[in-house]
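Me: I've got a new model open. Take me through it, briskly please.

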Amino acid sequence: MKLQPRILLCILCLFMSSCIIFKTPLKDRLEPLEMTKIEGGTFIMGDVFFEENEDALPLHEVRLDDYLIGTTEVTYSQYDRFAEETGRLLPVDDGRGRGERAVVHVSWYDARAFCNAYGYRLPTEQEWEFAARSRGKEHLYAGAVSKEMLDDVARHQDNSGAYTFTVGTKKPTEQGVYDMSGNVSEYIGAYYPFYRENADSVEYHPLNERQMRVIRGGNFNRSDNALRTYWRVGVLGDLSDHTTGFRCAATVE
């Protein structure tokens, strides 16, 4: 029996609607991210070690609730799946391969979109520093109290090649978070220009008013100072280079 065009159109519409309804959510099509829970607390933020870095002064008290932070930096494998699912260009790998290497050549906007796809976000500076210092301890580097221990915890200029490495190959912080010093610099979710005595008085700005973002942790191309847990660097939001990647974070409800 020959179907009428109107009936065929109805069948086609029902089929397309079913595809839309039952399509797997984006989050479930992405590679899993391992997250580490950081128990909240109070700490003194900034250059508590030497009190000489003006960009990390004045010292100020910060109170944080529990939160999650990426156990490792986001990898090429994880980002590639996200890019393929969302129709984005794949970031270049400088001929070094992809897989479990920390992803670079992504902008702050790319990083935010990636984290948002999982229902996550980029970490705040307070969250990043608290985790890097093993819940606010006086750790000069993430997982290390002194320069003598730096090689144990970080990929940096003096012990690595000039490219991003596989994540998680050095010792982690006390909570089990890897590469917060070295490997790749990491985007922070919000920017403010100066610290204040009272952390609640810090003035945050919309990105269209303040184009600068903060990166933390240093990278494989830097040594000593830039890898310190209090060190702050300002960059443009559309930066996309071979040294900067990111990890995600989330509020614990």
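Reply: Helices (H or I, at least four residues) and strands (E, at least two) are DSSP runs, numbered from the N terminus. This is a predicted model, where local features need pLDDT of at least 70 and side-chain atom pairs count only at pLDDT 80 or more, while totals for chains, interfaces and linings use all residues. Residues are numbered from 1 along each chain as its sequence is written, and side-chain values use heavy atoms, leaving out hydrogens and water.

Me: Good. How many helices and strands does the protein have?
Reply: Six helices and nine strands.

Me: What percentage of the residues count as buried?
Reply: 49% of the 253 residues. Buried means under 20% relative accessible area, exposed is over 50%, and partly exposed is in between (1.4 Å probe, protein chains only).

Me: And contacts: what share join residues at least 24 apart?
Reply: 73%, among contacts between residues at least 6 apart in sequence. Contact means heavy atoms within 4.5 Å.

Me: Now helices. At what angle do α3 and α4 cross?
Reply: Roughly 85°, and their axes come within 11 Å. α3 is residues 76-86 and α4 is residues 108-117. Axes are lines fitted to C-alpha atoms, for helices over the stretch in contact, with angles from 0 to 180 degrees between N-to-C directions. α3 and α4 are therefore roughly perpendicular to each other. The classes are: under 35 degrees roughly parallel, over 145 roughly antiparallel, 65 to 115 roughly perpendicular, the rest oblique.

Me: Which residues meet there?
Reply: From α3, Q78, Y79 and F82; from α4, D110, A113, F114 and A117. By class, that contact has five nonpolar, one polar and one charged residues. Ala, Val, Leu, Ile, Met, Phe, Trp, Tyr, Cys and Pro count as nonpolar, Asp, Glu, Lys and Arg as charged, and the others, Gly among them, as polar.

Me: Is α4 mostly covered or mostly open?
Reply: Mostly covered, with seven of its ten residues buried. Those are W108, D110, A111, A113, F114, C115 and A117. The cover includes α2 (26-29), α3, β5 (185-187) and β6 (212-216).

Me: What about α3, which residues are buried?
Reply: Y76, S77, Q78, Y79, D80, F82 and A83. The buried residues of α3 pack against α4.

Me: Switching to rings. How many aromatic pairs are there?
Reply: Twelve. Rings of Phe, Tyr and Trp (its six-membered ring) pair if their centres lie within 6.5 Å; planes under 30 degrees apart are stacked, over 60 edge-to-face, the rest tilted. Y118 and Y120 are a stacked pair, 6.1 Å centre to centre with 5° between the planes. Both are buried.

Me: Which cluster do they belong to?
Reply: One made of Y79, F82, F114, Y118, Y120 and F246.

Me: Where do arginines R155 and R213 sit?
Reply: R155 lies over the face of F165, 4.2 Å from the ring centre. R213 lies over the face of W108, at 3.9 Å. The test: NZ of Lys or CZ of Arg within 6 Å of the ring centre and within 35 degrees of the ring normal.

Me: Last one: where is T36?
Reply: In strand β1 (residues 35-38). T36 is buried, at 11% relative accessible area. Its C-alpha is 7.0 Å from that of V177, 141 residues apart along the chain.
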